[in-house]
Structure formats: structure tokens, C-alpha cells
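Here is a short note on aromatic contacts. Please read the points against the model.

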Amino acid sequence: MARSDQEAFNSLFRALYPRLVHFSFRYTRSKAVASDIVQDVFVMLWEKRREIDPEQSPKAYLYRSVRNRSLNYLRDHSGETIGLEPMSESRLSLPADEDGTGEEPEELVRLLNGWISDLPKRQREAFELSRFDGLDHEEIAGVMEVSSHTVNNHIVAALYTLRDRYHAYQKELNKEQRL
């Protein structure tokens, strides 16, 4: 990209645009606003392509830029009503009876999504970037502007919390089945 390779830029755009829109949507709760933010970030990336450190992950740079622009949007439009669009896709899905509980997978997916939403903000952000957006610890560290060790701590804490909640759910489910 630093050499103005439009094909490389187009490949990056096609590969990351949908995921970045979804990522921005988590903040803005507006598909149109999220799309605009991501387009603006890609325009900015192209305009500054020669200034960007070639050692830096373009993926992490884009996620961090989208995150910052999304947060700026929320700050600048805090008095407006946003978020009227329903989220069109579940963050998590399971094949039928994959959970082994005999329960409807939709119920477990709903519970897991709720548990993820209840995580502390930074844990949730690190967990979602890792598990839903496929970023590695170094890329997440770049997005969140923390060390990769801190990212690991957030993800581990999130996984412990989710595991504990799942075990409590299983215990309650087993208790109900015995009655």
C-alpha cells in the first residue's frame, strides 16, 4: 500500500470492510453510521498510506481507527437518539444440540450473548476482538492501546467468567431435570 498498490488496498478493503462495519456497529448501533465511519477510515488510510509504519499491522491500525472514530461519533452525538436498528445477526451461534444440554441452542446462544454483554467493558472488547473478529493478541493490543499481556489477562478473565456462568447454568439445568 505504501507504494500506492491499489490492488493490495482493494484486497484489504474487501477482506475487512464487513467485519469493521460490524465492529463499529457495536458502538454506534447504526448500520449507516458504522458504514460511513469505516469508509472514512479507509479513505484516511489511503491518504496517509505513505506515513503509516510498515511494521504496524494494517488490521490493528484499521480496528483502532474505527474504534476511535466510533467513540468520537458517540461523544459528538450523545444527545441524539441512536440505535433504533436491531442487530441483524447473533454474535454467537451453535449447531443444533451442540451444547449437549438437550435444550434449544437458541436459548443457550441468547444466554451466552447476555453473559458476554455483562462482561466488564474492556474484557468484553478484548474477548470480542479475539473470538468474533479473529484478531491476535498483538493486534488487539494495538486496537485497545494496551500491552498484549493486558489483552491476555482480559481474555482469560472473560473466559473464566463465561465458564463459571455456564457451569452454574448447567448445574441449575441438572437440578431442574432431577425434579
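1. Basis. The model is predicted: local features need pLDDT of at least 70, side-chain atom pairs count only at pLDDT 80 or more, and totals for chains, interfaces and linings use all residues. Residues are numbered from 1 along each chain as its sequence is written, and side-chain values use heavy atoms, with hydrogens and water left out.

2. Phenylalanine 23 has 1% relative accessibility, so it counts as buried (under 20% relative accessible area; exposed is over 50%, partly exposed in between; 1.4 Å probe, protein chains only). Tyrosine 63 is buried too, at 0%.

3. Ring pairs. The whole structure holds 9 aromatic pairs. Rings of Phe, Tyr and Trp (its six-membered ring) pair if their centres lie within 6.5 Å; planes under 30 degrees apart are stacked, over 60 edge-to-face, the rest tilted. Phenylalanine 23 and tyrosine 63 have ring centres 5.0 Å apart and planes at 65 degrees, so they pair edge-to-face. Phenylalanine 23 is in helix H1 (residues 6-28) and tyrosine 63 in helix H3 (residues 58-76), so the pair ties together parts 40 residues apart in sequence. Helices are DSSP runs (H or I, at least four residues), numbered from the N terminus.

4. A tilted pair. Tyrosine 166 and tyrosine 169 sit 6.3 Å centre to centre, with 40 degrees between the planes. Both lie in helix H7 (residues 148-178), 3 residues apart, about one turn of the helix. Tyrosine 166 is partly exposed at 21%; tyrosine 169 is buried at 14%.

5. Cluster. Ring pairs join Phe9, Phe13, Tyr17, Phe42 and Trp46. Arginine 49 lies over the face of tryptophan 46, 3.9 Å from the ring centre (cut-offs: NZ of Lys or CZ of Arg within 6 Å of the ring centre and within 35 degrees of the ring normal).

Key: Helix = DSSP H or I, 4+ residues; strand = E, 2+ residues; numbered from the N terminus.
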